[in-house]
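Please find below my note on the model under discussion. The points follow in numbered order.

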Amino acid sequence: MRLKKLKEHLKTQLPYKRSQRVGEQIHKILSDIAIKYIDLSSFGFVTFTNVNISPDFYFVKVYFSVYQPKKETKEIETGLNNLTKAFKKYLAPQLHLRVTPDLQFIFDETLEYSEKIEELIKSIKDKEKNDS
């Protein structure tokens, strides 16, 4: 009985997919690189929000958001994608994979989307208060 509980406990504690673990590792390393080696202050305050890695570990989509942007989001996205060689240069020694994956930076629109939803909810609540 005790062995059965232990097995169930281990199943719930099992690490997730390797691609998720590597994705989290890449996320952490890229954040460190942005702080230590590559100056992104010309774009604003850039944060990497999510990383999706392909199952074969050859391609990585890095989602980012910008607080107080100094340029348009498309310009920032293009600028970050132009810096992929620099990111890969610092990523390769820290990432213990056979091949360093290709990086693609994509603007994360979820924050803007959530702000729009919050504004809509707030306007609906204000209308309900005014109608009462």
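1. The buried residues of α2 are Ser19, Val22, Gly23, Ile26, Ile29, Leu30, Ile33 and Ala34. They lie on the same side of α2, because the arc that they cover around the axis is only 135 degrees; the arc is taken from the directions from the helix axis to the C-beta atoms. Buried means under 20% relative accessible area, exposed over 50%, and partly exposed in between (1.4 Å probe, protein chains only).

2. This is a predicted model, in which local features need pLDDT of at least 70 and side-chain atom pairs count only at pLDDT 80 or more, whereas totals for chains, interfaces and linings use all residues. Residues are numbered from 1 along each chain as its sequence is written, and side-chain values use heavy atoms, with hydrogens and water left out.

3. Among the elements that cover the buried residues of α2 are β1 (45-53), β2 (59-67), α4 (84-94) and β3 (102-107). Helices (H or I, at least four residues) and strands (E, at least two) are DSSP runs, numbered from the N terminus. On the face of α2 turned away from its buried side are the exposed residues Lys28, Ile35 and Lys36.

4. Most residues other than glycine have a negative phi. Phe57, in the loop between β1 and β2, has a positive phi near 65 degrees. Phe57 is buried, with a relative accessible area of 14%.

5. Gln68, in the loop between β2 and α3 (73-82), also has a positive phi, of about 55 degrees. Gln68 counts as exposed, at 56% relative accessibility.

Methods
Contact means heavy atoms within 4.5 Å.
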